[in-house]
Structures are given as structure tokens and as C-alpha cells.
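Let's take a friendly walk through a protein structure and look at how its side chains meet. Keep the picture open beside you as you read.

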Amino acid sequence: MAEQTTEAGREPIRVLVVDDQELFRRGLTMLLSAEPGVEVVGEAGDGVEGTALAERTAPDVVLLDIRMPKRSGIEACLAIKEAVPSAKIVMLTVSDEEADLYEAVKSGAAGYLLKDSSIEEVAQAVRVVADGQSLISPSMAVKLIDEFKQMSRPERDHTSGLRLTDRELEVLRLVARGMNNREIAKELYISDNTVKNHVRNILEKLQLHSRMEAVMYAVKEKLLDLP
């Protein structure tokens with residue numbers, strides 16, 4: 001597929017679309033291909049084909065449906081993250097079930113959008129997760145916050161959090177408040193690269209896969225006060 005022109009000479013964001021509904025998949029591919037700075041490198045109709053294609057094309061972002069034949073989106077997410085660790089996964093699905101959202105987060109997805117999202121919202125999600133951030137549909141965000149509140153219990157001990165340095169704990173709290181790397185850098189008077197290094201270290205130390213998982217961890221460990 002034709003490579004899109006990008007501003008400031010930046011490489012296009014390489015996207016793979018995996019969905020078993022051919023009409024939806026083709027339409028999404030066509031619309032995304034028209035977005036500036038986005039290049040669709042392939043499309044697949046099931047989780048197995050999607051995983052194999054991800055290995056061959058090494059996309060920056062993979063749009064995955066959850067309900068698919070041969071291998072579900074959750075299973076494909078895990079397989080793709082193992083095969084192409086740099087790939088960011090966005091679940092694009094009709095499912096508004098909390099269980100699917102939580103499993104997606106645990107599997108390392110950086111985004112969760114419902115299929116009634118506009119093409120502008122999907123394109124924005126692609127750009128946001130490619131930049132290392134997380135994004136979920138507003139209606140699902142409410143459910144996630146409710147789950148955070150349920151998970152937050154005063155009796156939990158904080159020993160696992162002691163593996164982080166004071167600065168890493170500070171960065172984690174800001175991540176949990178929904179701030180992106182640039183905002184955290186400004187808040188702490190450090191560089192964007194330093195923030196990226198801290199986030200990477202936090203995820204490695206706590207054996208987490210994504211910023212959303214880091215937020216869930218922060219709530220579990222009472223590092224973030226919720227109303």
C-alpha cells in the first residue's frame with residue numbers, strides 16, 4: 001500500500017489491521033490509508049494470520065478485533081507482543097464487556113476502542129499509542145475507573161512498590177493521573193527521554209506490559225487516591 005507523506009520528514013506510522021469482518025476491515029484500511037502520516041502495511045482476517053503477518057511486517061501499531069476465529073484478539077495480542085515487542089496493540093471491538101477490557105489490559109494492549117468510534121478517533125488512537133501513550137473509549141474508561149476503586153484496598157501491603165526508586169514512584173503516580181511523557185517531563189523538570197527511561201524501568205521492574213497495567217498497579221498499591 002502506498003506510503004503516506006509525513007510532516008517534518010517523520011517516518012509514517014506502520015499499521016496492521018486484523019479483523020474477521022471483511023467489509024469493516026477493508027473500509028478501515030481504506031480510510032486509514034488516507035490519513036496523513038499513516039501507512040497500512042497489511043490486513044488479516046483471523047488471529048493466526050494476523051500474528052504471522054505482524055512477524056513479517058513488524059508494524060508500529062496493530063488494530064485487533066477481540067472476537068475472531070482460530071485465535072482470539074486477546075491470544076493474538078499476547079503472541080504479537082512476544083514476537084514483536086515494539087508493536088503497540090489497540091483493541092477495536094464491539095465488546096463493551098468489562099472482562100474483555102481487563103483481559104486486554106493484562107495482555108499488554110495500549111488501547112481499547114469500540115467499533116462505533118469515528119475514523120478520526122481511530123486515527124488519533126493510532127498516533128497516541130505509537131507515541132507511547134494509552135487510550136481507551138470514554139465509556140470503557142468509566143468502567144476501568146470503577147474497577148480501580150474496587151481494587152483499591154487499604155489492607156494491601158506496599159512491599160512490591162519498594163522495588164522502585166523515589167523518582168520512579170513519582171513518575172508512576174503521574175502516569176496514573178493520565179499524564180503523557182511530555183507533561184510528566186514538564187512537571188518534574190526533566191527531559192522526555194528521561195521520562196521514557198523511567199517508564200521503561202518501572203514496567204521492567206514490576207513485570208508489567210503497558211502503561212494501563214502500571215495505572216492498575218498504582219491503584220492496587222494505594223499510590224493514587226481516587227475519589
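This is a predicted model: local features need pLDDT of at least 70, side-chain atom pairs count only at pLDDT 80 or more; totals for chains, interfaces and linings use all residues.

Residues are numbered from 1 along each chain as its sequence is written, and side-chain values use heavy atoms, with hydrogens and water left out.

**Charged pairs**

Side chains of opposite charge can pair when their charged atoms come close. A search of the whole structure finds 10 salt bridges, a salt bridge being a side-chain nitrogen of Lys or Arg within 4 Å of a carboxyl oxygen of Asp or Glu. The table shows some of them.

| Salt bridge | N to O distance |
|---|---|
| D19 and K115 | 2.7 Å |
| E35 and R127 | 3.1 Å |
| K205 and E168 | 2.9 Å |

What does the bridge between D19 and K115 tie together? D19 lies in the loop between β1 (13–18) and α1 (22–33), and K115 in the loop between β5 (111–114) and α5 (119–130), so the pair links parts that are 96 residues apart in sequence. Helices (H or I, at least four residues) and strands (E, at least two) are DSSP runs, numbered from the N terminus. D19 is buried, with a relative accessible area of 2%, and K115 is buried at 16%. Here, buried means under 20% relative accessible area, exposed over 50%, and partly exposed in between (1.4 Å probe, protein chains only).

Next comes the bridge between E35 and R127. E35 lies in the loop between α1 and β2 (38–44) and R127 in helix α5, so this pair ties together parts that are 92 residues apart in sequence. E35 is buried at 17%, whereas R127 counts as partly exposed at 28%.

The bridge between K205 and E168 joins two helices: K205 lies in α9 (residues 192–206) and E168 in α7 (residues 166–176), so it ties together parts that are 37 residues apart in sequence. K205 is partly exposed at 32%, while E168 is buried at 4%.

Salt bridges can also join up: E22, R25, R26 and E43 are linked in a network of them.

**Polar contacts around T29**

T29 is found in helix α1 and counts as buried at 5% relative accessibility. Its side chain makes a polar contact of 3.3 Å with the side chain of E43. A polar contact is a pair of N or O atoms within 3.5 Å; within protein, one must be able to donate a hydrogen and the other to accept it, and residues adjacent in sequence count only if both atoms are side-chain atoms. The backbone oxygen of T29 also lies 2.7 Å from a polar atom of the side chain of S33.

**Nonpolar cores**

Which residues touch the most other members of the largest nonpolar core? Of its 28 residues, they are V62, L64, I89, M91 and Y112. A nonpolar core is a set of buried Ala, Val, Leu, Ile, Met, Phe, Trp, Tyr and Cys residues joined through side-chain atoms within 4.5 Å. A second, separate core of 21 residues includes L164, L169, L172 and L174.
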